[in-house]
Amino acid sequence: MGARGAPSRRRPAGRRLRYLPAGSFPFLLLLLLLCIQLGGGQKKKENLLAEKVEQLMEWSSRRSIFRMNGDKFRKFIKAPPRNYSMIVMFTALQPQRQCSVCRQANEEYQILANSWRYSSAFCNKLFFSMVDYDEGTDVFQQLNMNSAPTFMHFPPKGRPKRADTFDLQRIGFAAEQLAKWIADRTDVHIRVFRPPNYSGTIALALLVSLVGGLLYLRRNNLEFIYNKTGWAMVSLCIVFAMTSGQMWNHIRGPPYAHKNPHNGQVSYIHGSSQAQFVAESHIILVLNAAITMGMVLLNEAATSKGDVGKRRIICLVGLGLVVFFFSFLLSIFRSKYHGYPYSDLDFE
């Protein structure tokens, strides 16, 4: 029998030897260092975010709205990382700015922020801040902002969209309207709690007391209640007040007039159809009253049965009042609504 050869060595089934190609060790080392660096960068971002949130929570514990200058705005609002929403009111509260609407908007904004700060749903996902023009002029320039007050929402990620700017001109700045807008942008619902205000109740009580006292003193002669002329005058006063924009003034709180800081010129008529001055509403009230007086005189001249010459004079006076003051009113309308083609007498 022939000699048998040495038995061959077989590798166990399912196990195969794998060898790294030459020069792969530096690559693995570089990959490991890259992973360590990425992990360290992520950890650094988390620490930075935690510090920012902690600082914001500390400020919120002291006051519901914290003021920001340019550096704070860039650090806490513009610079990442950020996992919270920030509502910012851009305003001008310094007395030399003469922005009464800014002060009224600030009061509503304070009510809203306090309602959030002291609610049970308060968390670190939403903060309220303020940038005053005199403290953050560079912020206004950076955002190309030339009006105040303005409310903006800065989301946790990405840039603010058009809807993140509150439409103050159309909606107003009541705290309830701001809360609704914030709910649409952040899904955070704020229930507004207003401090008690008894001024309206006191005024109503005084009015009722005055009317009741007057009726009591005249209890033996109440014929004045049926005086048509008196009630007509009261109705006209209410109509003049409402049509001249007094309610708009009460809600928005515009300044009485505007003085140009460069040339000192005072404007009593606002140049935009979206706003007005208090003086402008007074001018409109007087013009409406004068036109109404002219119509009354025309009606008196047509219906009375007195002397013909006297009726003719009354008619001419009434017609002059209507034409002159209505033309003045129409010229104001044209100055606010640019492009309106119609006019009567040109006062421009």
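Helices here are DSSP runs of H or I with at least four residues, and strands are E runs of at least two, both numbered from the N terminus. This is a predicted model: local features need pLDDT of at least 70, side-chain atom pairs count only at pLDDT 80 or more, and totals for chains, interfaces and linings use all residues. Residue numbers start from 1 along each chain as its sequence is written, and side-chain values use heavy atoms, with hydrogens and water left out.

View 1. The expected span of a helix is 1.5 Å times one less than its number of residues. For the 18 residues of helix 3 that gives 26 Å, and the end C-alpha atoms sit 26 Å apart, so the two agree. Its buried residues (under 20% relative accessible area; exposed is over 50%, partly exposed in between, 1.4 Å probe, protein chains only) include Cys102, Asn106, Tyr109 and Trp116. The buried residues of helix 3 pack against strands 1 (65-67), 2 (85-91), 3 (126-132) and 4 (150-154), plus helix 6 and helix 9.

**View 2. Helix 3 against helix 6.** Helix 3 (residues 100-117) and helix 6 (residues 175-186) pack at about 55°, axes 9 Å apart. Axes are lines fitted to C-alpha atoms, for helices over the stretch in contact, with angles from 0 to 180 degrees between N-to-C directions. The pair is therefore oblique (under 35 degrees is roughly parallel, over 145 roughly antiparallel, 65 to 115 roughly perpendicular, the rest oblique). Contact (heavy atoms within 4.5 Å) is made by Glu108, Ile111 and Leu112 of helix 3 with Ala175, Leu178, Ala179 and Ile182 of helix 6. That splits into 6 nonpolar, no polar and 1 charged, where Ala, Val, Leu, Ile, Met, Phe, Trp, Tyr, Cys and Pro are nonpolar, Asp, Glu, Lys and Arg are charged, and the others, Gly among them, are polar.

**View 3. Helix 8 meets helix 10.** These axes come within 9 Å and cross at roughly 135°, so helix 8 and helix 10 are oblique too. From helix 8, Leu236, Phe240, Ala241 and Thr243 meet Ile284, Leu285, Asn288, Ala289 and Thr292 of helix 10. By class, the contact has 6 nonpolar, 3 polar and no charged residues.

**View 4. Zooming in on Leu287.** Leu287 sits in helix 10 and is buried, with a relative accessible area of 3%. Beyond its neighbours within four places in sequence, Leu287 is in contact with Phe325, Phe328, Leu329 and Ile332. Ser327 is 40 residues from Leu287 in sequence but 9.8 Å away in space, C-alpha to C-alpha.
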